[in-house]
Amino acid sequence: MTGSRATGPTTVADRSSWSLRSARRASSPRAKRGRVSLAVVNSPSSSVLAGDLNTLRAIEAELTERGVFCRPVSVDVASHSRDVDLLRPELTAALGEIRPGPPAVGMLCTVCCAPLTGPELDACCWMDNLRRPVRFAESAAAMAAVGDHVSLEISPHPVLTAAIEETLTVAGATARTAASLRRHQSEAARMARAASRLFTHGARLD
């Protein structure tokens with residue numbers, strides 16, 4: 001487990017439907033003592049725990065012994081855990097002047113797994129997005145239930161495309177995905193490739 005001085009996240013992932021259950025089972029006693037949190041559920045077989053670094057190392061050893069693949073995530077903040085509560089007063093105050101308006105495109109919140117119309121995106125909403133668990137897999141499945149669509153991951157390097165594909169496949173939907181950029185590769189070439197992939201998937205390009 002790696003992360004900040006005292007706290008940090010670790011990814012828990014294997015290629016079976018048991019990984020989320022394994023993560024919850026391993027972290028449950030520690031969670032009751034407030035040491036770790038189930039921070040993210042990316043797909044049916046990929047989740048992230050966050051919290052006390054030593055506790056995460058113990059969980060890593062336990063899961064590895066069980067044959068559950070897990071690896072540390074290289075970040076400095078244990079987001080989506082109780083450690084974020086220390087930032088709540090200061091961050092909520094700093095974001096207090098936000099005056100959200102209607103989004104130009106549809107939005108679905110990965111915290112509450114519900115569509116957003118705009119006014120909800122106030123300081124408390126952004127605080128909850130940093131503090132509460134990310135229900136990414138559930139949100140991706142909800143999008144698939146709405147209708148046929150193409151997913152584009154906009155990031156410096158794809159980290160969620162595989163999770164989207166797995167989640168949609170398990171949900172019985174067709175997984176059509178594209179990633180914008182990839183590290184150490186030409187940005188122009190990657191964007192052109194992403195555009196062509198979107199087009200072949202049936203997306204409309206402006």
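**A chat about helices, strands and a pocket**

Student: What do the buried residues of α4 pack against?

Tutor: The buried residues of α4 pack against α3 (88-94), where contact means heavy atoms within 4.5 Å. This is a predicted model, in which local features need pLDDT of at least 70 and side-chain atom pairs count only at pLDDT 80 or more, while totals for chains, interfaces and linings use all residues. Residues are numbered from 1 along each chain as its sequence is written, and side-chain values use heavy atoms, with hydrogens and water left out.

Student: Which residues of α4 are buried, then?

Tutor: Helix α4 covers residues 123-131, and its buried residues are Ala 123, Cys 125, Met 127 and Arg 131; buried means under 20% relative accessible area, exposed over 50% and partly exposed in between, with a 1.4 Å probe and protein chains only.

Student: How many helices and strands are there in the protein chain?

Tutor: The protein chain has seven helices and eight strands, taken as DSSP runs numbered from the N terminus (helices are H or I with at least four residues, strands E with at least two). Of the 206 residues in the chain, 38% are buried, and among the contacts with a separation of 6 or more, 66% are between residues 24 or more positions apart.

Student: Switching to strands, how many residues of β2 are buried?

Tutor: Strand β2 (residues 36-43) is mostly covered, since seven of its eight residues are buried. Strand β3 (residues 46-52) runs antiparallel to β2, and six bridges join the two, where two strands pair if DSSP finds at least two bridges between them. A hairpin through two residues links β2 to β3, and Ser 37 has Ala 50 in β3 as its bridge partner.

Student: And Arg 35, where is that?

Tutor: Arg 35 sits in the loop between α1 (19-32) and β2, and counts as partly exposed because its relative accessibility is 41%. Arg 35 is 17 residues from Asp 52 in sequence, yet the two are 5.4 Å apart in space, C-alpha to C-alpha.

Student: Pro 119 is in a loop too, so is that residue buried or exposed?

Tutor: Pro 119, in the loop between β6 (115-116) and α4, counts as exposed because its relative accessibility is 56%.

Student: Okay, new topic: what volume does the largest pocket have?

Tutor: The largest pocket has a volume of about 790 Å³. A pocket is an open set of points on a 1 Å grid over the protein atoms alone where a 1.4 Å probe fits, with protein on both sides within 12 Å along at least five of seven lines, and lining residues have an atom within 4 Å of a point. Grid points are joined across faces, edges and corners, and the volume is the space filled by probe spheres set on the points.

Student: Which element gives the most to its lining?

Tutor: Helix α5 gives the most, with four residues, and the lining has 21 residues, with Phe 136, Met 143, Ser 151, Leu 152 and Ile 164 nearest the centre of the pocket.

Student: Last one: where is Ser 155, and what does Ser 155 touch?

Tutor: Ser 155 lies in the loop between β7 and α6, and counts as buried because its relative accessible area is 17%. Leaving aside residues up to four places away in sequence, Ser 155 touches Ser 180 and Leu 181.
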